[in-house]
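My notebook is open and the structure is about to go up on the screen. I'll jot down what I look up as I go.

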Amino acid sequence: MDINLFKFCSGLRVLGYLMVLLVAAIIAVSYYAVVVVTCGSQLLRGGGGHHSFFAILLIVVFHVLLALLTWSYVMVVFWDPGSVPENWRPVLSSEESLEAGSSSITTSDTVGSEGLDSTLSISEGLDRRQQVGYCDKCRNGKPPRCHHCSVCQRCVLKMDHHCVWVVNCVGARNYKFFLLFLLYTFLETTLDTLVLMPNFIKFFGKARDHSASPANLAVIFLAFILNTAFALSLLCFIFMHASLLSSNTTSIEVHEKKRTVRWKYDIGRKKNFEQVTSSLFFWMNE
């Protein structure tokens with residue numbers, strides 16, 4: 001009996017749901033440590049002046065970044081990364097159709113699984129970028145830069161990777177939201193780290209003198225460690241994806257790009273950036 005080990009990858013989706021809960025828990029801990037314990041206590045002490053103004057400003061900036069990262073996170077989680085329509089075929093021009101000759105490609109949606117195999121061959125004279133691939137698992141055509149995700153059990157357009165933190169693939173249609181999520185989360189965690197740093201430095205003295213609530217001290221200590229770790233990790237991811245974005249490359253295509261003299265999808269840094277920022281489109285006609 002043949003056992004498909006890739007089917008067990010779908011179990012990673014359960015881990016992804018736990019990651020969503022973990023993200024919510026980290027946000028809750030950070031919110032309590034920054035807004036309630038640090039800035040809130042500053043406002044309660046009163047006194048006015050620049051200290052109160054600075055605390056209010058931090059609370060406003062914190063909530064703005066929190067709203068932005070929550071919005072981008074929800075979009076990455078729930079937005080379709082780019083699905084391949086059933087019985088997809090590339091659309092050939094009249095000249096390309098004549099060149100293909102008897103090996104022309106059908107675009108009918110009524111083609112069965114048996115007829116599907118017979119319509120996949122294209123004349124060797126066609127350019128490689130116009131040739132259609134075929135996914136044995138989905139039993140469907142595969143556009144260029146499309147990959148099958150073993151976790152989602154489907155083909156994803158311009159797939160970058162499957163992210164357990166968002167329980168979804170990162171592909172052509174949600175890559176922009178993923179980048180925004182990285183950026184906003186980095187800014188939020190960096191802000192939290194800077195706000196909590198003075199209290200973290202005083203942590204051991206307050207703990208020894210029992211001059212503060214043990215629960216608040218524990219929350220501040222935990223929030224500072226978590227936000228510092230995430231800020232440093234996200235900084236590395238931002239640099240990595242900025243490099244990939246500048247050359248119009250996905251994480252999956254990195255090794256393929258190293259084997260070529262000139263990456264065929266690189267259309268210049270400006271156009272590469274514009275392609276992602278207006279990424280609510282399908283990568284069907286490359």
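Predicted model: local features only at pLDDT ≥ 70, side-chain atom pairs only at ≥ 80, totals over all residues.

Entry 1: I started with isoleucine 56, which sits in helix H2. (Helices are DSSP runs of H or I with at least four residues, strands are E runs of at least two, and both are numbered from the N terminus.) Isoleucine 56 has a relative accessibility of 45%, so it counts as partly exposed. My cut-offs, with a 1.4 Å probe and protein chains only: buried is under 20% relative accessible area, exposed is over 50%, and partly exposed is in between.

Residues are numbered from 1 along each chain as its sequence is written, and side-chain values use heavy atoms, with hydrogens and water left out.

Which residues make a nonpolar surface patch with Ile56? I found Leu43, Val60, Val64 and Leu68, and the patch comes to about 380 Å². H2 gives the largest share of this patch, four residues. (Patch residues have over 30% relative accessible area and no salt bridge; like charges are joined within 9 Å, and nonpolar side chains, meaning Val, Leu, Ile, Met, Phe, Trp and Tyr, within 5 Å. Accessible areas come from the Shrake-Rupley method with a 1.4 Å probe, and for residues only the protein chains shown count as cover.)

**Entry 2: the whole chain.** I counted up the secondary structure and got nine helices and six strands. The chain has 286 residues, and 41% of them count as buried. Its accessible surface is about 16300 Å², with 65% of that belonging to carbon and sulfur atoms. I also looked at contacts (heavy atoms within 4.5 Å). Among those between residues at least 6 apart in sequence, 63% join residues at least 24 apart.

**Entry 3: the inside.** Next I went for the largest nonpolar core, which has 39 residues. (A nonpolar core is a set of buried Ala, Val, Leu, Ile, Met, Phe, Trp, Tyr and Cys residues joined through side-chain atoms within 4.5 Å.) Tyr175, Phe178 and Leu196 touch the most other members. Helices H1 (12–45), H2 (49–78), H5 (175–201) and H7 (214–246) each supply at least two residues of this core. Which helix gives the most? That's H5, with twelve residues.

I zoomed in on phenylalanine 178. Ignoring neighbours within four places in sequence, Phe178 is in contact with Val76, His161, Cys163, Val170 and His241. There's also a second, separate core of seven residues, including Val84, Trp88, Cys155 and Leu157.

**Entry 4: what the record says.** UniProt, in an unreviewed entry, lists 12–33, 53–79, 177–197 and 217–240 under "transmembrane region". (Positions are in the numbering used here, feature names are shortened, and annotations may be inferred rather than shown by experiment.) I checked two of these spans in the model. Residues 177–197 are 100% helix and 0% strand, with end C-alpha atoms 30 Å apart. Residues 217–240 are also 100% helix and 0% strand, and their end C-alpha atoms lie 35 Å apart.

**Entry 5: charged pairs.** How many salt bridges does the structure hold? I got two. (A salt bridge is a side-chain nitrogen of Lys or Arg within 4 Å of a carboxyl oxygen of Asp or Glu.)

One joins arginine 154 and aspartate 80, at 3.3 Å from N to O. Arg154 is in strand S4 (residues 154–156) and Asp80 is in the loop between H2 and helix H3 (94–100), so this pair ties together parts 74 residues apart in sequence. Arg154 is partly exposed at 25% relative accessibility, and Asp80 is partly exposed at 26%.

The other joins arginine 145 and glutamate 253, at 2.7 Å from N to O. These two are 108 residues apart: Arg145 is in the loop between S2 and S3, and Glu253 is in the loop between H7 and helix H8 (254–258). Buried or exposed? Arg145 is buried, at 6% relative accessible area, and Glu253 is buried too, at 3%.

**Entry 6: strand residues.** Histidine 148 is in strand S3 (residues 147–149). With 18% relative accessible area, His148 counts as buried. Leaving out residues up to four places away in sequence, His148 touches Cys135, Lys137, Cys138, Lys142, Gln153, Arg154 and Cys155. Last stop: glycine 141, in strand S2 (residues 140–142), is buried at 2%.
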